[in-house]
Amino acid sequence: MHQTPPQSLPRVIGPWIATAVIIGTVIGSGVFKKGRNVADNVPEFGLIMAVWVLGGVLALLGALALAEVAVLFPRAGGNYVFLREGYGRCAGFLWGWVDFWILRAASIAALATMFTESFHDVLKQSIAPGQKVDVLSFWPRQLLTTLVIGGLTVVNVRGTRLSGGVQFAITVLKVASLLFLIAVPFVVLAAVSEPTHPPKVAHLSPAVPSNLFGINWSGFGVALVGVLWAYNGWMNIAPIAEEVKEPQRNIPLSLLLAVFTLIALYCGANLAYHLVLPRDQIVAKDANGHLSSTPIATEFCGELLGPVGVVLASAIVMTSVFGALNGNLLVGPRLLYAMGRDRLAPPAFARLHPQYHTPAIATLAMAGWSVLLVLCVGALTQYQVPTVPLGFAELDLNVPRGKSPFDIMTDFVIFGSVTFETLAVASIFVFRWKYPATPGNRAYRCWGYPVVPALYILVMALVLVNFFVNPESRTEALVGLGFIASGGVVYALFFGMRRA
């Protein structure tokens, strides 16, 4: 007998897998990679830790507010649904437009790139230990990156339960790996009579600047952008809310549990890095003035455990970014699915696979554009784009020379996510006005309302301003702004006259 495929996504995700989806998509590359950028922009250890704590506090403030909105609208699509219901169809479309073309695809591309680079580090250590040579040249590494994306796409097409199970297992490994990094300096100190690189409290000096009024706030803002990438993804329970069991209970629970876990793990790992590595070594630059591309976690383990540590750290990074990559391929297509149901994207995106009951076409579209983005950004780093004369000035879209594809893509992600995720958190004010909170329609209410969401919005607005002030991130901000504007034009041309 022929079975008609379901018209809605089945609720198969419990609280532990929901928490694992958040932690697993957040812990990717940032905690292993961005420590160098933070230390380069913020010289004092106390301020370094303040940046990591502030990033976590911002995620916590946002989670407290967003949980109320997610419980009110536990549907596939997440921020798309919140913005559509709060500000109108155009706002929802713009989020989907930017999320597909930049945010989610760039996250997938950046994580897959990091996986390949870590795998390449393992190859170099195995084939040519101690030699600074490339086993794989640039474009073969990009090809490998695309194959990684393709393989995980197949897993996510095969089923949400399968993908969620993979996510849970990898998240357990991720948390265990970070706990290992936090503990290993003290284990080595206890196990070895005279360790070569014992933890040194002296590395934590200076803790604060001698002149508290002399803090470089622009540098602090750049460091915060890097940390926001490390915390990026804390909202990822929202797009799969339609598949969460008992969403009124499990969505707030998983959000808060995940964010508190992340703050503890990130601060512990960075304390361990700085106890072992002096700041001068962390921010050491090559002849061209570029920071080392080796993840700080890899150098950290290499100092403590030698070549075995390098291989072990590379394996940890590979596992971590693999889990985050899988989580993004699980979460991202649900937005296209929701937009397809609303006819703000091709209706084919709303079709579920007849056997696996997953948005297979949406998943393939997301993966395909991510692959193209890997190749396009790779070309952008290898070749120069001609400047465009505008009469009064020239439009130069070339990225700073030597900037890695990973940093380019993460800056794209943070600009777009800060813009629209701030609007999503701000929607709590709209919904409190539209639907006054009662026990019947709010199983969960934001603690500290209205101060908590207002603080989040204020800090994120300052981060956006810093994007345009700082020349290192201005190109990505301008391109991101252009994408948002182009989405407005597309909406006006194709959807502006439709009835809601």
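Is L257 buried, partly exposed or exposed? The model is a predicted one, and in it L257 has a relative accessibility of 35%, so this residue counts as partly exposed. L257 is found in helix α10, residues 247-276. Together with W16, F168 and V172, L257 makes a nonpolar surface patch of about 400 Å².

Of the 500 residues, 55% are buried. The chain exposes about 20,700 Å², and carbon and sulfur atoms supply 67% of that area. Among contacts between residues at least 6 apart in sequence, 82% join residues at least 24 apart.

Helix α1 runs over residues 15-26, and at 1.5 Å a residue its twelve residues should span 16 Å; the end C-alpha atoms are 17 Å apart, which agrees. Nine of the twelve residues of α1 are buried, so by the cut-off of under 20% relative accessible area the helix is mostly covered. The buried residues of α1 include A18, T19 and A20, and also G24, T25 and V26.

Helix α13 covers residues 307-341. Its 35 residues should span 51 Å at 1.5 Å a residue, and the end C-alpha atoms lie 52 Å apart, in agreement with that figure. Because 27 of the 35 residues of α13 are buried, this helix is largely enclosed by the rest of the structure. Just after α13, R343 takes a positive phi of about 60°.

Helix α15, residues 405-434, contains G416. With a relative accessible area of 3%, G416 is buried. G416 touches V98 and L103, leaving aside residues up to four places away in sequence. The C-alpha atoms of G416 and W95 are 8.8 Å apart in space, although the two residues are 321 apart in sequence.

The charged pairs come next. Side chains of opposite charge can pair when their charged atoms come close. The structure holds seven salt bridges. One of them joins the side chains of E299 and R36, at 2.4 Å from N to O. This pair links distant parts of the chain, with E299 in helix α12 (residues 296-305) and R36 in helix α3 (residues 35-41), 263 residues apart. E299 has 18% relative accessibility and therefore counts as buried; R36, at 2%, counts as buried too.

Another salt bridge is formed by the side chains of R432 and E68, at 2.8 Å from N to O. R432 lies in helix α15 and E68 in helix α4 (residues 45-72), so the pair ties together parts that are 364 residues apart in sequence. Both R432 and E68 are buried.

What do the side chains of E117 and R141 form? They meet in a salt bridge, at 3.1 Å from N to O. The pair links helix α6 (residues 89-127), which holds E117, to helix α7 (residues 138-158), which holds R141, and the two residues are 24 apart. E117, at 28% relative accessibility, counts as partly exposed, whereas R141 is buried with a relative accessible area of 10%.

Conventions: Residues numbered from 1 in each chain as written. Predicted model: local features only at pLDDT ≥ 70, side-chain atom pairs only at ≥ 80, totals over all residues. Heavy atoms only, no water. Helix = DSSP H or I, 4+ residues; strand = E, 2+ residues; numbered from the N terminus. Expected span 1.5 Å × (residues − 1). Buried < 20%, exposed > 50% of the residue type's maximum accessible area, 1.4 Å probe, protein only. Contact = heavy atoms within 4.5 Å. Patch = residues over 30% accessible without salt bridge, like charges linked within 9 Å, V, L, I, M, F, W, Y side chains within 5 Å. Areas by Shrake-Rupley, 256 points an atom, 1.4 Å probe, with all protein chains shown as cover. Salt bridge = Lys/Arg side-chain N within 4 Å of Asp/Glu carboxyl O.
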